[in-house]
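Have a look at the sequence and the model, then read on.

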Amino acid sequence: MTKRQNQEERSRQTQARVTQATIECILEKGIRATSTVDVARLAGVSRGALVHHYPSKTLLMQAALEDLLSREVESVREMAVKVKAGELNFDNLLKALHEHFKGDLYMVTLEYLTNARTDPDIMRVLVPLAANFNDSLEQIWEQLVASANHTSHQNRVALNATLCMMRGMGAQSIWRDDPELYRDMLLFWKETLLELGFSASDAKRSEPV
């Protein structure tokens with residue numbers, strides 16, 4: 001490896017530590033309370049090194065959001081591989097989505113969503129990456145529930161209704177810790193989708209979500 005390649009690799013490692021530290025700070029403190037000093041300390045780099053890569057807090061927040069949503073898209077790609085391999089069925093997809101939307105990464109995403117409403121810079125980064133995430137999920141959904149009984153538009157509506165419910169439960173879990181209620185809601189929604197004909201060929205009603 002050449003000296004330049006070594007420098008590039010160190011630079012990538014520094015950027016990865018910084019963006020991860022940013023995400024962790026946002027999870028703990030929120031976007032507005034997170035400072036570049038906090039991030040540099042947690043990442044184990046000097047503030048000068050941080051500013052070299054990200055000259056402003058806005059650029060830092062954008063980079064962390066891009067990293068976060070890129071991970072989300074990658075997680076969906078992994079789901080797609082499992083679908084093709086027959087390792088992910090309808091029930092398991094709903095379970096995976098529920099876990100996703102109650103996890104730490106989603107809580108960080110909520111911070112960005114609330115800030116994007118009034119911050120056009122964050123909105124510009126959020127929109128294309130979030131659209132990519134949704135598009136990837138739609139492709140998986142189509143593979144699982146493809147049927148002559150429904151159009152692509154109907155499949156898309158069913159998926160987005162599912163995502164809206166998952167996101168709502170994730171947001172509600174911030175103040176309401178009620179796993180039994182969420183389990184029953186997921187079971188109700190799965191049964192509703194099955195009754196409407198949205199299911200994979202091997203979907204079973206016997207196993208609660």
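Across the interface of domain 1 and domain 2, the rule picks out 2 residue pairs in polar contact, both at pLDDT 80 or more. That pLDDT cut-off comes up because what you're looking at is a predicted model.

Put together, the two domains bury about 820 Å² between them, and 65% of that is on carbon and sulfur atoms. On the domain 1 side, I23, L27 and I31 lose the most area to domain 2, together making up 58% of what that side buries.

And where do the domains begin and end? The domain assignment of the protein chain gives residues 1-55 as domain 1 and residues 65-196 as domain 2. Taken over C-alpha atoms, their centres sit 29 Å apart.

## The chain as a whole

Stepping back, the protein chain has 9 helices and 0 strands. Reading from the N terminus, the elements go α-α-α-α-α-α-α-α-α. Along its principal axes, the C-alpha trace spans about 60 × 45 × 30 Å.

How many of the 209 residues count as buried? The figure is 40%. As for contacts, take those between residues at least 6 apart in sequence: 70% of them join residues at least 24 apart.

## Salt bridges around the model

Side chains of opposite charge can pair when their charged atoms come close. A search of the whole structure turns up 9 salt bridges. Let's visit some of them.

Start with D121 and R124, whose closest N and O atoms are 2.3 Å apart in a salt bridge. Both residues lie in helix α7 (residues 120-145), 3 residues apart, which is about one turn of the helix. D121 counts as partly exposed because its relative accessibility is 28%, while R124 counts as exposed at 55%. Elsewhere, salt bridges that share partners tie K29, D38 and R41 into one network. Within it, D38 forms a salt bridge with K29, and the closest N and O atoms are 3.0 Å apart. Is D38 buried or exposed? It is buried, because its relative accessible area is 14%, under the 20% cut-off. K29, with a relative accessible area of 39%, is partly exposed.

Then there's the pair K102 and E99, whose side chains meet in a salt bridge at 3.3 Å, N to O. K102 is partly exposed, with 42% relative accessibility, and E99 is partly exposed too, at 47%.

## A stop at I174

Where is its place? I174 is in the loop between α8 (152-172) and α9 (179-195). Why does I174 count as exposed? Its relative accessibility is 58%, and the cut-off for exposed is over 50%.

Which residues does I174 touch, leaving aside its neighbours within four places in sequence? I174 is in contact with M107 and L110. For a sense of distance, R117 is 57 residues from I174 along the chain, and the C-alpha atoms of the two are separated by 20 Å.

How values were computed. Residues are numbered from 1 along each chain as its sequence is written. Side-chain values use heavy atoms; hydrogens and water are left out. Helices (H or I, at least four residues) and strands (E, at least two) are DSSP runs, numbered from the N terminus. Buried means under 20% relative accessible area, exposed over 50%, partly exposed in between (1.4 Å probe, protein chains only). Contact means heavy atoms within 4.5 Å. Domain bounds come from an automatic or database domain assignment. Buried area is the accessible area (1.4 Å probe) that two parts lose on being put together, summed over both. A polar contact is a pair of N or O atoms within 3.5 Å; within protein, one must be able to donate a hydrogen and the other to accept it, and residues adjacent in sequence count only if both atoms are side-chain atoms. A salt bridge is a side-chain nitrogen of Lys or Arg within 4 Å of a carboxyl oxygen of Asp or Glu.
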